[in-house]
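Thanks for coming. I will go through one model today, from the chain as a whole down to single residues.

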Amino acid sequence: MPEYLKPYDTVASADDMESVDTACEESATLLKSMRRELSRSRRQSCLSCSHLICLYLVIIGLLVVLATEPKWKHCDYEDPSIGFYSPAQDAVTYEDVEFGKYFAVDNKSPYTQEPSPELDNMWEELYQFGLTGLTPDEAARLREPTAHLPHDNNTYVVSLGVFHQLHCVNHLRKALYPDEYKGLWEYNADGTVNHETILSLHWDHCIDILRQTLMCHADITPTPFYYRARDDNVYSALAGTHRCRSYDKIRDWAETRQLHQWKWNVTGTQQVVG
């Protein structure tokens, strides 16, 4: 029978079958390896994309913050010590100040020297800034409404509380020297002091303003004591360091916003402030 007519061998040898099995296993292993590599590549690609997205979001967020900084910094800020808006709040900084270091005849404060024109000027320079001008937007944020200048709807008027309080301290200082500041005290016919005068009532007002101010701010800085052996007792050191607002910064702010004069009435009379 010709070779091409011989029947096909339907039964393979054992060696042939083993070769086929080996080839199949190798193919399956290669396919699994390819799948794992593809999966790893996809995960790395996704992580890279996630990192890029996060970086872009951070950059966009920073740009938004920088673009809106003047608004969020100034619009909603409130000084927690007063609980509501003050136009001078951006001038507030803090510093350490030593209290009570002046307490002797030969160690008096510059502000408690003997009365003189120079001393009066020192005191007045602390608070004589007249009135402070505000814009309509600033005035609208005040807790208490305030008036604008006559004939000027764009300039509103306030005065910072500390200047009123220093004015009161200065008035009381002068009251302690009736011989130097004549006319402050008035006397009844029997030689007693007349406490019904405008100045006397003003001093009462100042005392109560200072009382309220001290209670309002309620300084809780501890005052140390020292031991004295000769009488086996302890005494207040009087001096101590306090954390204070920088008064110079607030005074500088007020000087830049000072109102010097305005039309007092429709006749054009000028009223000088400061």
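**Ring cluster, cores and sheet**

I start with the aromatic side chains: Phe 129, Phe 163 and Tyr 247 are linked into a cluster by ring pairs. Please keep in mind that this is a predicted model.

How many aromatic pairs does a search of the whole structure find? The count is five. I will show two of them.

In the pair of Tyr 111 and Trp 123, the ring centres are 5.5 Å apart and the planes stand at 80°, so this one is edge-to-face. Tyr 111 is in the loop between β1 (94–99) and α2, while Trp 123 is in helix α2, 12 residues apart. Tyr 111 is partly exposed at a relative accessible area of 28%, whereas Trp 123 is buried at 9%.

Phe 163 has a relative accessibility of 4% and counts as buried.

Now the chain as a whole. It has six helices and 10 strands. Of its 274 residues, 20% are buried. The accessible surface comes to about 20800 Å², and carbon and sulfur atoms account for 58% of that. Among contacts between residues at least 6 apart in sequence, 58% join residues at least 24 apart.

In soluble globular proteins, nonpolar side chains tend to be buried together. Here the largest nonpolar core holds 14 residues, and the members that touch the most others are Leu 126, Leu 160, Phe 163 and Trp 253. Which helices each supply at least two residues of this core? They are α2 (117–127), α4 (161–175) and α6 (247–256).

Leaving aside residues up to four places away in sequence, Trp 253 touches Pro 87, Ala 88, Ala 91, Thr 132 and Leu 160. There is also a second, separate core of six residues, including Tyr 85, Leu 134, Ala 139 and Leu 142. Tyr 85 has a charged neighbour too: Arg 141 lies over the face of its ring, at 4.0 Å from the ring centre.

On to the sheet. Four strands form an open sheet in the order β3-β4-β2-β8, with antiparallel pairing.

Last, two backbone details. His 151 is not a glycine, yet its phi is positive, near 70°. This residue is found in the loop between β3 and β4, and His 151 is exposed, with a relative accessible area of 52%. Leu 238, also not a glycine, has a positive phi of about 65°. Leu 238 is placed in the loop between β6 (233–236) and β7 (240–245). Is Leu 238 buried, exposed or partly exposed? At 46% relative accessibility, Leu 238 counts as partly exposed, because the exposed class needs over 50%.

That is what I had.

Key. Residues are numbered from 1 along each chain as its sequence is written. Side-chain values use heavy atoms; hydrogens and water are left out. A nonpolar core is a set of buried Ala, Val, Leu, Ile, Met, Phe, Trp, Tyr and Cys residues joined through side-chain atoms within 4.5 Å. Buried means under 20% relative accessible area, exposed over 50%, partly exposed in between (1.4 Å probe, protein chains only). Contact means heavy atoms within 4.5 Å. Accessible areas come from the Shrake-Rupley method with a 1.4 Å probe; for residues, only the protein chains shown count as cover. Rings of Phe, Tyr and Trp (its six-membered ring) pair if their centres lie within 6.5 Å; planes under 30 degrees apart count as stacked, over 60 as edge-to-face and the rest as tilted. A charge sits over a ring if NZ of Lys or CZ of Arg is within 6 Å of the ring centre and within 35 degrees of the ring normal. Two strands pair if DSSP finds at least two bridges between them.
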